[in-house]
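Me: Got a model open here and I'd like to go through a few spots with you. Can we start with the backbone and then move on to side chains?

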Amino acid sequence: MGGRSLTALPIAGSIIMTNLSTEQIVGQNGQSYHAGMEVMAWEVTAAIAIVALAVVFLPKYFKYGINTVSDFIEIRYDTVTKRIISILFIVTYMISFLPVVLYSGSLVFNKIFHIDELLGVRPIVAIILVALIIGVIGILYLLIGGLSLSANSDTVYGVGLLICGLLIPILGVMKLGEGNFIGGIDYIVDHTPWLLNSVGAIDSAIVPWPTLITGMLFNNLYFWCTNQMIVQKALSGKNLAEAQKGTFIVGLFKVFGALFLVFPGIVARNIFGDALMNNPDNAYPYLVTEVLPQALFGVFAAVIFGAILSSFAGALNATATLFSLDFYKPVLNKQADDKQIARAGKIVTIVVGVISVIVAPFISFAPAGLYQFVQEFNGLYNMPLLVIILFAFYSKKATAIAAKSTIAIHIVLYALSKVFLKDIHFLYVLSLLFFLDVLIMLLISKWKPDGNFVLESFDTKVDIKPWRYTKVVSVVLVVIVILTYVAFSPIGLASLQ
């Protein structure tokens, strides 16, 4: 938990760098290469969920003095429900998120810096070697300094990534404008105005517009408000106000992050034309090698390496925390002191890290692509987790049996949807399943009532007084999101086609 000592900037840096990884940089720019700005929904609309995290979820989490999201579930429901959620988190991190971060990071690293050619080996061998190096360093990173070191260094990586990330599209636009930035913008508006439209068609394979207020919103609320990997960083704040300020910085970053997570794909389309349509994930690496001066390649390599390392270490730390506090202490060694718990966490860090390195090369066989693979895998449990936490906040009658039943039924229905509804966008499927999960919670809680549950404050550990500008900043962030969508819409830049 970083000693519960983090202030706003390290919290923001840690969350941003844990969230921001190479499968986003490569995957989203690859999607925008052929689909345009509608891909920005994954970034820009996240700010709405981050506002909810700061205004609704964090005050409640801090009030009940929890260390993990599963702690809160145990307080409200029961231990079995808590451990089911913890297992789902751990399994997801271990076989989905961590290996994808390693594989995608190694892939882009090899594409940009040609490690295979330097070593005279096949690309897959170079990818395995880079993944191994990142994995070993990430494990050592956490063993030596834990979350506190990771959070503070993430702030440095975040600044570097912001500078280098913005530099790539700026240099690309200037190349299009033959040295003139405004001329490059005019070139994009004149030649590919349809790519500046952020409103996806109703049958879009990327982000259909109806899902912005349904499936995408629910998915964002899960990821930003209930995902242990993200929430843990905010819970490490020295007080609620610092945690809220840190999350608002993240929200602002997510809106403007589209400038280097989505827009470079459009720049690449204008530079390379349709040449990369067969493999759009090459758009960003090719753009970097095309526009970045060779003198800056070393700096860019360090920043990319830091981004990969931060995401890997962040998820690895969350996994170790869940195992240590939810399984080791209460099940395997009930008399364990803090040193023994920390030691167990370090052992888990090594084991999970090694497993992730081994699994990483097999991610190349993922049929749906890197970014889509992670998002669809999360669908296995993200909606029921969000639902049972919302019921924990706002319903006195929700029961533990209802929570467990909702998780089990959702997993079965989601698995079936992958077989019978595979041609329907998974965000539409999540939209439907969210409301079904709500209905299941209501019906089973009513069918098997267990009295009224009243949540009480526990040891809050830190000051839980909210930041006084929370409401004002929340409104400003929401307005910025709306204006961004207006700018990249048929009544904005896309109207110029």
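Me: His 114: buried, exposed or partly exposed?
Reply: Partly exposed, because its relative accessibility comes out at 36%. Keep in mind that this is a predicted model.

Me: And where is His 114?
Reply: In the loop between helix H6 (79-113) and helix H7 (115-119). Its phi is near 55 degrees, which is positive, and His 114 isn't a glycine.

Me: What's the phi of Glu 178?
Reply: Positive, about 55 degrees, and Glu 178 is not a glycine either. You'll find Glu 178 in the loop between helix H8 (123-176) and helix H9 (181-191). Glu 178 is exposed, since its relative accessible area is 77%.

Me: OK, aromatics. How many pairs in the whole structure?
Reply: A search finds 22 aromatic pairs. Take Phe 248 and Trp 467: the ring centres are 6.0 Å apart and the planes sit at 45 degrees, so that pair is tilted.

Me: Which parts of the chain does that pair link?
Reply: Distant ones, 219 residues apart: Phe 248 is in helix H12 (residues 240-261), and Trp 467 is in the loop between H20 and helix H21 (470-487). Phe 248 is buried at 5% relative accessibility, while Trp 467 is partly exposed at 22%.

Me: What about Phe 393 and Tyr 394, how do their rings meet?
Reply: Edge-to-face, because the planes are at 85 degrees, with the centres 6.0 Å apart. Phe 393 is buried at 11%, but Tyr 394 is exposed at 57%. They belong to one aromatic cluster along with Phe 57, Tyr 61, Tyr 64 and Phe 72.

Me: Which charges sit over rings?
Reply: Among them, Arg 76 has its charged end over the ring of Tyr 77, 5.0 Å from the centre. Arg 269 lies over the face of Tyr 33, at 5.7 Å from the ring centre.

Me: Switching to the surface: which elements give two or more residues to the nonpolar patch?
Reply: Helix H19 (400-420) and helix H20 (426-447). H19 gives the largest share, six residues. The patch has about 1,000 Å² of accessible area together, and its members include Ile 409, Leu 416, Phe 420 and Leu 443. Leu 416, in H19, is partly exposed at 41%.

How values were computed. Residues numbered from 1 in each chain as written. Predicted model: local features only at pLDDT ≥ 70, side-chain atom pairs only at ≥ 80, totals over all residues. Heavy atoms only, no water. Patch = residues over 30% accessible without salt bridge, like charges linked within 9 Å, V, L, I, M, F, W, Y side chains within 5 Å. Areas by Shrake-Rupley, 256 points an atom, 1.4 Å probe, with all protein chains shown as cover. Salt bridge = Lys/Arg side-chain N within 4 Å of Asp/Glu carboxyl O. Helix = DSSP H or I, 4+ residues; strand = E, 2+ residues; numbered from the N terminus. Buried < 20%, exposed > 50% of the residue type's maximum accessible area, 1.4 Å probe, protein only. Phe/Tyr/Trp six-rings, centres within 6.5 Å; stacked < 30°, edge-to-face > 60°. Lys NZ or Arg CZ within 6 Å of the ring centre and 35° of its normal.
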